[in-house]
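Here's a quick tour of a few side chains and how they pair up. Have the viewer open and follow along.

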Amino acid sequence: MEYNTQQRKLPLPEYGRSVQNMVDYALTIEDRAERQRCANTIINIMGSMFPYLRDANDNNHKLWDHLAIMADFKLDIDYPVEVVKKESLEIKPERIPYSQHNIRFRHYGRFIQDSIRIAIDYPEGEERKRLLQLIANHMKMDYQNWNNKDGMEDQKILDDLYELSDGKIKLSPGDITLTEQRVFPRRRQVKMNNNNQQKKKY
């Protein structure tokens, strides 16, 4: 008995080895008309296995793509649609570059850092004061969520704001009002051993 693990790897295992065997057989048919009829039958079988592909668009485009892939693009038939090219499957996607921006305090995040840069060049006035108050309150919320600690000193936030602005924003507790932020305790997983579990009494 030969196991599947001992046989060649299927290009599209979701269709199973039986369908792959049908495709392999179609490759051996010399008569073109008979080969075309065999391909159409295989497509109908594949469509019954995955109706959403069969009904997704006209002419079962995806199914014909899959047939071409399973035949290693060697099946000489009249495809009713333009199937995917083998070369396009072999092209590796371009590597997505990661952001190289340095975040000095990760618990505040990039958004706060960018907002502080905007606030530095903002003209003096009531709008700038409101902007700084929003930034500082957001920083306080971020810091407390990260540190999981209530009752922190507002001066700590103002000191971090001063550092993140490279000394260009210097505020005292009297300049802005920071609201109290509620910290929700983190869930703790309680481990119970067999001795602590309640036992059913009979």
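## Ground rules

Buried means under 20% relative accessible area, exposed means over 50%, and partly exposed is in between (1.4 Å probe, protein chains only). This is a predicted model, where local features need pLDDT of at least 70, side-chain atom pairs count only at pLDDT 80 or more, and totals for chains, interfaces and linings use all residues. Residues are numbered from 1 along each chain as its sequence is written, and side-chain values use heavy atoms, with hydrogens and water left out.

A salt bridge here is a side-chain nitrogen of Lys or Arg within 4 Å of a carboxyl oxygen of Asp or Glu. That rule gives a count of 12. One of them pairs Asp 78 with Arg 32, with the closest N and O atoms 2.7 Å apart. Asp 78 sits in the loop between helix 4 (61-70) and helix 5, while Arg 32 belongs to helix 2 (residues 32-49), so the pair ties together parts 46 residues apart in sequence. Helices are DSSP runs (H or I, at least four residues), numbered from the N terminus.

Asp 76 bridges to Arg 35, and there the closest N and O atoms are 3.8 Å apart. This pair also links distant parts of the chain, with Asp 76 in the loop between helix 4 and helix 5 and Arg 35 in helix 2, 41 residues apart. As for accessibility, Arg 35 is buried at 9%, whereas Asp 76 is partly exposed at 43%. Arg 32 is partly exposed too, at 35%.

## Helix 7 meets helix 8

Asp 154 and Lys 140 meet through their side chains in a salt bridge (2.9 Å, N to O). Asp 154 is in helix 8 (residues 154-164) and Lys 140 in helix 7 (residues 126-147), so the pair ties together parts 14 residues apart in sequence. Lys 140 is buried, with a relative accessible area of 0%, but Asp 154 counts as partly exposed at 23%.

Leu 89 lies in helix 5 and is partly exposed, at 48%. Beyond its neighbours within four places in sequence, Leu 89 is in contact (heavy atoms within 4.5 Å) with Ile 69, Phe 73 and Val 84. The C-alpha atoms of Leu 89 and Ile 69 are 9.5 Å apart, for a separation of 20 residues along the chain.

Where is His 107? Look in the loop between helix 5 (86-90) and helix 6 (109-120). His 107 counts as buried at 19% relative accessibility. With neighbours within four places in sequence set aside, His 107 is in contact with Asp 142, Tyr 143 and Trp 146.

Conventions
Helices (H or I, at least four residues) and strands (E, at least two) are DSSP runs, numbered from the N terminus.
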